[in-house]
Every structure is written in structure tokens, then in C-alpha cells.
Amino acid sequence: MERIPIFVFISGTGKTLEAIINSCKVACVQGVYSSDPTAPGLQYAVDNNIRSLSAHNKSVLTDLKAMISHLGKPKIIVLAGYMKILPIDFIDYCYDNDIILVNTHPSLLPKHRGLNTHQRALDAGDTIHGFTIHLVTEILDHGPIIAQESFNVCDGDTATMLENAVKIRERIKYPMIIDSIAIS
Ligand code: GRF
């Protein structure tokens, strides 16, 4: 079966990117974009012979168009720890061109949009925590939900423990969901 091209957007470690590259069977990472030229995840792309670009135009849309002109149009743009807010012109461009935008957010949306989700879950006394894979819209962490996975919060859990518990699960589930979107 012909693999379906996707781009992955990162800002940090690229551990989620690594899981996507290694676990997706249908989707194929054709390009990686980083908001931060020093993001360690960029090196992982290079090591896997995947073309990458870090933000160098003022506009992420200009960068996306440059990627598309070199690599072709992806079916999906996957946000994997991408920490910048995407502007509306970028989101409109994607949907106008049949590019699906998907994100994983480390909370059980609609709870805890934005940052510091693990500590906020603890502060709120949540007894379950998890992550949400959703379509990206112009409202931050607000798009239609595709999948969620949850686990119990135990006495004594710290924000770091919750973060690790989320990441372990995301790295299994996100590639599966990306493949199911790619095949649809
Ligand atoms: C994930 O936990 C995701 O929910 C959040 O960033 C993390 C991925 O970043 N948005 P990385 O792959 O560890 O850099």
C-alpha cells in the first residue's frame, strides 16, 4: 500500500515525533517543521533522512508553502509538542487545501486547555487524567475530539508523574490514530 504523506510540527524533544516515525504503518513522515531551530527533535528527523525546516520566515504559513513546494502536499499536519499558536490564515489555508490538522493535548478536554495541565489537574483534585487527540481549529485546544485516553490519578502523584504517564500513552495511541486518519 502506498504510504500517505504527513508533516509533523514540533518545538521540543521530538519524542512524539520519534514514536510517529517508528510506529505509523500507513502515514509516512515526509517533512518536519520546528518552531525552534535548537529543538532536539530536528536531529532525529535528520538522522532518519527526513527533510526538516525550522521557522525562518515571519509567517508559519510562508514556511508551510515552502515545504509543500519542495515535498508535496501532506494529507495531515500533525502537531507533536508544537508550542506556538497557529494563526488563522494557516488554519484556513490547510482546510481550504484538504489538509487535516491534528493535535494531542495533555489533558482530558474540555478540562485544562493551555499550559501546565498536569499541575492544574492535581490542583483541581482530578481523580482521572489523560490526553485528548483533536482536530485543530482557530480556538486553542478546542477542536472536535477524535480520541481520549484516561487513567486514575493516585495519592502522591506529582505533575511529572502525570506528564510521564500521559506521554507513554500518547506515544502508543497517537500513531494509531494518525494511521486511521491517513487511511480514511
Ligand atoms: C505531548 O505530551 C503533547 O501532549 C504536548 O507535548 C508533548 C509532546 O512533546 N503538547 P515531545 O514530543 O515530548 O517534545
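**First stop: K73**

Select K73 and show what surrounds it: beyond its neighbours within four places in sequence, K73 is in contact with P5, I68, N97, D98 and I99. The model is a predicted one. K73 sits in the loop that runs between α3 (60–71) and β4.

Now display the side chain of K73. One of its polar atoms is 2.7 Å from the backbone oxygen of N97. Is K73 buried, exposed or partly exposed? Its relative accessible area is 44%, so K73 counts as partly exposed.

Select the strands next. In which order do the 7 strands of the open sheet run? The order is β3-β2-β1-β4-β5-β6-β7, with mixed pairing. At the edges are β3 (51–54) and β7 (145–152), each of which pairs on one side only. On average, neighbouring strands of this sheet are turned by 20° against each other, direction ignored.

Zoom in on β4 (residues 76–79) and β5 (residues 100–105), which pair in the parallel sense over 4 bridges. To see one bridge, select V78 together with its partner in β5, V102.

The largest pocket holds about 850 Å³ of space. It is lined by 36 residues, and those closest to its centre are G81, Y82, M83, T104 and P106. Elements that give two or more residues to this lining are α1 (15–23), β5, α5 and α6. Helix α6 supplies the largest share, 5 residues.

**Last stop: D126**

Finish at D126, in the loop between α5 (117–123) and β6. Buried means under 20% relative accessible area. D126 is at 10%, and therefore counts as buried. Show its side chain with that of H112: the two make a polar contact at 2.7 Å. Leaving aside neighbours within four places in sequence, the residues in contact with D126 are K111, H112, A121 and V153.

Methods:
Residues numbered from 1 in each chain as written. Predicted model: local features only at pLDDT ≥ 70, side-chain atom pairs only at ≥ 80, totals over all residues. Heavy atoms only, no water. Pairing = 2+ DSSP bridges. Axes fitted to C-alpha atoms, helices over the stretch in contact; angles between N-to-C directions. Buried < 20%, exposed > 50% of the residue type's maximum accessible area, 1.4 Å probe, protein only. Polar contact = N/O pair within 3.5 Å; in protein donor to acceptor, adjacent residues only side chain to side chain. Contact = heavy atoms within 4.5 Å. 1 Å grid on protein atoms, 1.4 Å probe; cavity = no way out; pocket = protein on both sides within 12 Å on 5 of 7 lines; lining within 4 Å. Points joined across faces, edges and corners; volume = space filled by probe spheres on them.
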